[in-house]
Amino acid sequence: MLVYLLGVALFALGICVSVALHEAGHMATAKMFGMKVRRYFVGFGPTVFSFRRGETEYGLKWIPLGGFCDIAGMTALDEVKPDEAPRAMWRFRVWKRTVVLAAGSFTHFVLGFVVLYLMAVSLGLPNLDDRPVIGEVSECVRSAETVEQFTNQQCRPGDPAPARAGGLKSGDEVVSIGGAPVDSWSEMVARVQNTSGPTSMTVLREGEREQLTVDVTQVTRPTADDGTERVGMIGAGQGWLLSHGPAGAVGASVAFTGDIMVQTWERLLELPEKVPAVVEAIFGAERDPETPVSVVGASRIGGEAVEAGLWGVFLLLLASLNFFVGIFNLLPLLPLDGGHIAVTWYERVRDWLRRLRGREPGGPVDYTKLNTVTGVVIVIGGAFVLLTVTADIVNPIRLTQ
């Protein structure tokens, strides 16, 4: 239990650091362009401590569930002091305001990439492409008449160990079997199962190709219809985490980041259709592991991952959360940063069209006219958060699901 709580605390700390860096991204870019940053605080509620350096007040508040960066004149409706007016954010060029507004999400993307890079050079990145990479090399292969025998095999002296005897090692990527190329783990398994006896295999090991000969052993195994069949086996499992060197990890992390961002966008589009399943889970239905989770649920899963020693799952979850928050925050909805970016570019396009017609610029958008839309987004967002938090408390998703 203590390890689990430590995992929950570590994941929550990771979220707090992400939020703090999000706001730091806004602050750093605003200062870079000369905008006035009044305050930068981590957390909400009563102030624990604060100090002033230059024109900015920095501080920490008691509730570590967010933070804020107070930039003078973010909109034309914000009150500014006379000395702040020339440096009000809304007076700056559109591209500068866009950079400042997008800097928070960009920080999440960078942080997610850094986490993936650290995984790549230490634990390894998940094998999402079904690559034929060897993970575990078994001590032996044996025939089994039942599923229980097949999954609980005990090696005996003299039992064959084809992969081990043939020189296959963890991390080897099988590129060909019997002279024919292999592109995926499933293709490799099918090829091995239909093979018997000494078989040539080409593997990629630390960037170099090596030729091996593996004596594929025919064994008996159970089938889905309670029967048995004879198949070839070598005694090797697929590698789930693929390690990379410091240089190779850069490209691998970039590619993996792209894959995660595409998947995150797809999951984001699926959120509305997942809501009914979350409601059903609250009232006792089995929780679908594909349903969205809140920060509470993610922290619980993070705690379970640490308790089970699955640091790869912990880090992957933390990286995925950063990518989700970064993409979600760019949606063109107020009060999200993406909503402010949309308004900024609406003003730019509108004024360009007005100039084409020989008219003066229209001036800053009146945000009060958007209060209703903003309120609807806040209510819907708040309801969704409450819904997922409730589900994560009464019927949480477990790591073993």
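A disulfide is a pair of cysteine sulfur atoms within 2.5 Å. With that cut-off in hand, welcome to this predicted model, which holds one disulfide.

**The disulfide**
- Cys140 and Cys155 are the partners, with their sulfur atoms 2.0 Å apart.
- The pair ties together distant parts of the chain, 15 residues apart: Cys140 sits in the loop between β4 (134-137) and α3 (147-151), while Cys155 lies in the loop between α3 and α4 (162-166).
- The S-S torsion of Cys140 and Cys155 is about -90°, so this disulfide is left-handed.
- Cys140 is buried, at 9% relative accessible area, whereas Cys155 is partly exposed, at 41%.

**Cysteines without a bond**
- The closest cysteine sulfur to that of Cys16 belongs to Cys69, and because 18 Å separates the two, they are too far apart for a bond.
- Cys69 is likewise in no disulfide, its nearest cysteine sulfur being that of Cys16.
- Cys16 counts as partly exposed, with a relative accessible area of 21%, and Cys69 counts as buried, with 15%; the cut-off for buried is under 20%.

**Helix α1**
- Gly34 follows α1 and has a positive phi, near 95°.

Definitions and conventions
Residues numbered from 1 in each chain as written. Predicted model: local features only at pLDDT ≥ 70, side-chain atom pairs only at ≥ 80, totals over all residues. Heavy atoms only, no water. Helix = DSSP H or I, 4+ residues; strand = E, 2+ residues; numbered from the N terminus. Buried < 20%, exposed > 50% of the residue type's maximum accessible area, 1.4 Å probe, protein only.
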